[in-house]
Amino acid sequence: MLSKTLAVALLANSVLAHGDHEHQIPIQGPHKALWYNTLPGDGGTQADSVFSGISTFGRLPYFPCLASDDAKYDIAFIGAPFDTGTSYRPGARFGPSGIRQGSRRLNLYGGYNVPLETNPFNSWATVLDCGDIPVTSYDNTWALHQIEEGHNSLLTRAPATDAKKKGPAKNGKTLPRIITLGGDHTITLPLLRSINRAYGPVSVIHFDSHLDTWKPKVFGGSPSKVASINHGTYFYHAAQEGLLANDTNIHAGIRTTLSGPSDYENDGYCGFEIVEAREIDTIGMDGIIKKIRDRVGTTKPVYLSLDIDTLDPAFAPATGTPETGGWSTRELRTIIRGLEGINLIAADIVEVAPAYDTNAEHTTMAAADALYEIMSLMVKKGPLSKMIDSSEEEGQTEM
């Protein structure tokens, strides 16, 4: 009898509960007491464990910036999944997703950069991951147009900070910084075209094992106009189009074989100085840093392009054209940190092809860590409005 009474009571409660659904407030998402924990120390909040959740760069907030301009940012990450300009191993179209996967641990402990004494995840800057530019894999000409327009759309918006202050852009405005996840190195040409529309010719710091200034007839044979633009010729085209500031550009990490000494001569005509990878054995990291700083200066807008094959394949095997004899991850990160104070207006990382990586994700982690250093430099430098403030202060001091 007792069990019958209990069953009836349970059934009644169940009916009442179902009947009252219209008046209940549904619980939205994970329980905050379980998932949105405030971290101790100088950190912020962590939504969930670093091995779970949707991948964005460094677990940054995601916003579809190309679909809407409602979100403001000071630094935006954008992917350019293009790899049909490579000459050896394809696969860099998966670079953006691979780099995001390799970046999961960047802010595990809060993201504070000890050597640079800054936290790019907790600073004055609003930083977003804007997803990827839609890039066709069937038409290189159209794909490069898509990359240029997508990048320029993000680059020319008002930033979250100092939007109304003067800046170094051609129109006198302060713009946000864009960091692009490649993609093979061909993407740097449309990115520089976008930069040129906003800033005019800029100085370039180019980390790579290859020159990438080859004449199209030398690299690829140039059987057509489309084929003449690839990941070994894009800087030649950039120089021809007037995208590079004269004689203020520099390669670092070069160790490629050449068609002959004329390749270096042509590189000079394109406006570059060369720091070979082997120079680290004679002048050290400090000497390389000094060469870069002396070449580009600390007053002009500078674009940084980083090919992951700057690193030795022991540290970054997953790339399209690996070259032995490169730098270690530690050496590269130290050299990048040595660029503190340079006016980086934008950057890219390219040639990460995750299919060739180790199970331990060596290459994608190295790429993410290098970008962490670059992002830290940008955050520590402050909004680009400070370029104008600094130049005005120098002018007043001289007077």
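This is a predicted model: local features need pLDDT of at least 70, side-chain atom pairs count only at pLDDT 80 or more; totals for chains, interfaces and linings use all residues.
Me: How many residues of the contact of helix 8 with helix 9 are nonpolar?

Reply: Ala, Val, Leu, Ile, Met, Phe, Trp, Tyr, Cys and Pro count as nonpolar, Asp, Glu, Lys and Arg as charged, and the others, Gly among them, as polar. In the contact of helix 8 with helix 9, two residues are charged and one is polar, and the number that are nonpolar is five.

Me: How are helix 8 and helix 9 oriented to each other?

Reply: The axes (lines fitted to C-alpha atoms over the stretch in contact, with angles from 0 to 180 degrees between N-to-C directions) of helix 8, residues 284-296, and helix 9, residues 329-337, come within 9 Å and cross at roughly 40 degrees. Angles under 35 degrees count as roughly parallel, over 145 as roughly antiparallel and 65 to 115 as roughly perpendicular, the rest being oblique. The relation of helix 8 to helix 9 is therefore oblique.

Me: Is Arg-295 buried or exposed?

Reply: Arg-295 is found in helix 8, and a polar atom of its side chain lies 2.9 Å from the backbone oxygen of Asn-249. Beyond its neighbours within four places in sequence, Arg-295 is in contact with residues including Asp-247, Ile-250 and Phe-272. Buried means under 20% relative accessible area, exposed over 50% and partly exposed in between, with a 1.4 Å probe and protein chains only. Because its relative accessibility is 18%, Arg-295 counts as buried.

Me: What is the relative accessibility of Lys-291?

Reply: Lys-291 lies in helix 8, and its C-alpha is 7.8 Å from that of Val-275, 16 residues away in sequence. Leaving aside neighbours within four places in sequence, Lys-291 is in contact with Ile-250, Glu-273, Val-275, Glu-279 and Ile-283. Lys-291 counts as partly exposed because its relative accessibility is 29%.

Notes:
Residues are numbered from 1 along each chain as its sequence is written. Side-chain values use heavy atoms; hydrogens and water are left out. Helices (H or I, at least four residues) and strands (E, at least two) are DSSP runs, numbered from the N terminus. A polar contact is a pair of N or O atoms within 3.5 Å; within protein, one must be able to donate a hydrogen and the other to accept it, and residues adjacent in sequence count only if both atoms are side-chain atoms. Contact means heavy atoms within 4.5 Å.
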